[in-house]
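Welcome! Please take a look at the protein shown here, and then let us walk through some of its parts together.

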Amino acid sequence: MTCMGESLRTIAFKVRTASCGGTACVNSFGDEQLAVDLLANKLLFEALQYSHSCKYACSEEVPELQDMGGPVEGGFSVAFDPLDGSSIVDTNFTVGTIFGVWPGDKLTGVTGAQQVASAMGIFGPRTTYVLALKDVPGTHEFLLLDEGKWQHVKDTTSIGEGKMFSPGNLRATSDNPEYAKLIDYYVREKYTLRYTGGMVPDVNQIIVKEKGIFTNVASPSAKAKLRLLFEVAPLGFLIEKAGGYSSDGKQSVLDKVINNLDDRTQVAYGSKNEIIRFEETLYGSSRLKAAQPVGAAA
Ligand code: F6P
Ligand code: MG
């Protein structure tokens with residue numbers, strides 16, 4: 001986690017100083033001419049090699065297992081999205097790195113619940129490192145100070161109720177009537193819209209504001225595009241460690257087995273009641289709603 005933090009510091013600087021053309025944002029320091037997402041990818045692989053504790057790593061950019069030289073026994077394997085939202089770097093929106101850490105040498109045949117840590121590096125007006133560790137309660141936010149140190153500034157242990165929504169893949173409402181119904185509910189109930197189209201800031205706000213709902217729902221014509229291994233499971237771990245809930249419509253995203261590195265899924269993150277509403281609206285019932293005891297008043 002320390003090595004990854006080091007590279008996040010560098011990525012933050014490179015993102016801040018990237019110049020963006022029509023198709024890519026490029027860094028031109030010395031002979032570096034890599035687009036920022038490729039540069040982030042390279043820095044993260046290097047960090048994992050230097051850590052001496054990573055066995056395999058793979059990224060959205062290089063979706064095959066790469067041997068990082070660390071041990072299997074007592075070592076870890078890491079999956080990462082080097083720069084989520086790279087298409088909104090030019091608009092100067094917040095972007096981020098996402099990663100999940102699994103014990104040993106497997107990144108398939110595992111579930112998100114088996115992660116021992118996950119994190120995001122967030123490159124906005126401020127640079128923050130938001131992380132969760134299996135054996136430490138809560139999800140923790142660290143702020144990058146001018147002198148280069150990370151300062152612990154917040155821990156989140158519960159996600160409460162509050163009318164804030166982040167509706168991803170909204171085009172799916174055209175042929176998914178249940179998703180359209182859910183969106184109608186948020187509008188009718190006067191929820192506040194907070195959506196940038198960058199999954200990192202859109203999910204992070206739930207952890208920071210301790211309320212809200214993020215949805216990215218599929219339909220026949222607008223398929224699921226978020227990747228379970230690189231994005232959905234690591235963010236699910238952060239949200240659930242923060243006291244929130246996640247769902248693919250029927251179960252926690254942390255209970256889904258990752259069969260292929262490229263598996264994709266629809267997803268929602270939020271407070272318990274928001275996830276109950278999400279599951280009930282999409283599929284008619286929610287596993288989170290305790291069965292009413294027999295004879296209980298309706
Ligand atoms: O990684 C894909 C991504 O850019 C996410 O960061 C974001 O949440 C999603 O796509 C946005 O999708 P849409 O534009 O369909 O809402
Ligand atoms: Mg992404």
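Predicted model: local features only at pLDDT ≥ 70, side-chain atom pairs only at ≥ 80, totals over all residues.

Asp81 has 3% relative accessibility, so it counts as buried. Asp84 has 10%, and therefore it is buried too.

## The nonpolar cores

Now turn to the inside of the protein. The largest nonpolar core has 34 residues, and Leu229 and Tyr269 are the ones with the most contacts inside it. Several elements each supply at least two residues of this core: the strands β6 (95-103), β8 (117-123), β9 (127-133) and β17 (267-270), along with the helices α4 (199-209) and α5 (228-241). Which of them gives the most? That is α5, with nine residues. Both domain 1 (1-155) and domain 2 (160-291) take part, each giving at least three residues to this core.

There is also a second, separate core, made of 31 residues. Among them are Val36, Leu83, Val89 and Phe99.

Next, find helix α3, which covers residues 177-188 and so has 12 residues by the way helices are defined here. From its first C-alpha to its last it reaches 16 Å, close to the 16 Å expected at 1.5 Å a residue. Tyr179, Leu182, Ile183 and Tyr186 are the buried residues to look for in α3. Why do they line one face of the helix? Seen down the axis of α3, the buried residues fall within an arc of 95°, so they line one face.

On the other side of α3, Pro177, Lys181, Val187 and Arg188 are exposed. The cover over the buried residues of α3 includes the strands β12 (164-168) and β14 (213-216), and helix α6 (272-283).

## A buried glutamine in a loop

Gln266 belongs to the loop between β16 (257-258) and β17. With 10% relative accessibility, Gln266 counts as buried, because buried means under 20%.

What is Gln266 in contact with, leaving aside its neighbours within four places in sequence? The residues are Asn216, Val217, Ala218, Ala224, Ser247, Asp248, Leu282 and Tyr283.

## Positive phi angles

Asn169 is in the loop between β12 and α3. Its relative accessible area is 10%, so Asn169 is buried.

Glu210 is not a glycine either, and its phi is positive at about 60°. You will find Glu210 in the loop between α4 and β14. At 27% relative accessibility, Glu210 counts as partly exposed.

Terms used: Residues numbered from 1 in each chain as written. Chains lettered and ligands numbered in written order. Heavy atoms only, no water. Buried < 20%, exposed > 50% of the residue type's maximum accessible area, 1.4 Å probe, protein only. Core = buried A, V, L, I, M, F, W, Y, C linked by side-chain atoms within 4.5 Å. Helix = DSSP H or I, 4+ residues; strand = E, 2+ residues; numbered from the N terminus. Domains from an automatic or database assignment. Expected span 1.5 Å × (residues − 1). Arc of directions from axis to C-beta. Contact = heavy atoms within 4.5 Å.
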